Amino acid sequence: MRHEIKTALIWAGIYMAIEIGIVLAGYNHDPNVHVIAFGVNTLCLLLAVGISIVSNFNKKKQEGVSIVIDLKTGIKTSAIYALTIASFVLIYYKWIDPEYPEIRRQQWIAATETKQFSEDVDKKILDNPDMFYGKSSEDIRDNEQEGINMLLNPNNVFLMTLLALLVLGMFYSFLVTAFNRLILAKLG
């Protein structure tokens, strides 16, 4: 198995194990835990891309590895990682924790019905009346709730996760390549 694929699958497996651990520990419906899990997910992606690029560079630096090869390595790693995690998220929403989308939907809808939300929307309307011309805070609240329903559809979550991780993986590929070429390569 190619190094990029193996690295992506190892780090995706680590993230999936952490998510399964959260479910088994019973913290899967706590919104704060999912913020932390999102941070762990992005960290695992960064580590997968970083390890893949740096180890490929170190393994082949006598051959003269180009920046394009580094970027291809990072993007390939992030693509495998993104596909794996997006598939896992789809499985998570459909079979591992099928109650989560509905619980999260109720939490978000409850947040849109608070006095604080209404005050924030009213302030936004006052700050930018042209943008919200002809809309009331109730209209904006209803739009938010419709958006929440669309966002928590498992198929939409798969697509959003895939796209977000691909874009983030490309950014990390450029970042790690630059860091490796400008700093690490000069040290070693």
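What is the handedness of the crossing of α1 and α3? The crossing is right-handed; a crossing counts as right-handed if the near helix is turned clockwise from the far one by less than a right angle, and as left-handed if anticlockwise.

## Basis of the report

The model is predicted, so local features need pLDDT of at least 70 and side-chain atom pairs count only at pLDDT 80 or more, while totals for chains, interfaces and linings use all residues. Residues are numbered from 1 along each chain as its sequence is written, and side-chain values use heavy atoms, with hydrogens and water left out.

Axes here are lines fitted to C-alpha atoms over the stretch in contact, and angles run from 0 to 180 degrees between N-to-C directions.

From α1, the contact (heavy atoms within 4.5 Å) includes E4, W11, Y15 and E19; from α3, it includes K76, Y81, F88 and I96. By class, this contact has 15 nonpolar, 3 polar and 3 charged residues. Ala, Val, Leu, Ile, Met, Phe, Trp, Tyr, Cys and Pro count as nonpolar, Asp, Glu, Lys and Arg as charged, and the others, Gly among them, as polar.

## Helix α2 against α3

Helix α3 also packs with α2: their axes come within 9 Å and cross at roughly 150 degrees. That angle makes α2 roughly antiparallel to α3, and α2 passes α3 in a right-handed crossing. The contact divides into 10 nonpolar, 8 polar and 1 charged residues.

## Helix α4 against α6

Helix α6 covers residues 137-151 and packs with α4 at an angle of about 170 degrees, with the axes 10 Å apart. The pair is therefore roughly antiparallel. R105, W108, I109 and T112 of α4 meet R141, E144, Q145, I148, N149 and L151 of α6. This contact has 4 nonpolar, 3 polar and 3 charged residues.

## The largest pocket

The largest pocket holds about 690 Å³ of space. A pocket is an open set of points on a 1 Å grid over the protein atoms alone, where a 1.4 Å probe fits, with protein on both sides within 12 Å along at least five of seven lines; lining residues have an atom within 4 Å of a point. The volume is the space filled by probe spheres set on the points, which are joined across faces, edges and corners.

Of the 23 lining residues, H34, F38, Y93, V157 and T161 are the closest to the centre. Elements giving two or more residues to the lining are α1 (3-25), α2 (31-60), α3 (67-96), α4 (100-112) and α7 (154-187). By class, the lining has 18 nonpolar, 3 polar and 2 charged residues.

Key: Helix = DSSP H or I, 4+ residues; strand = E, 2+ residues; numbered from the N terminus. Parallel < 35°, antiparallel > 145°, perpendicular 65-115°, else oblique.
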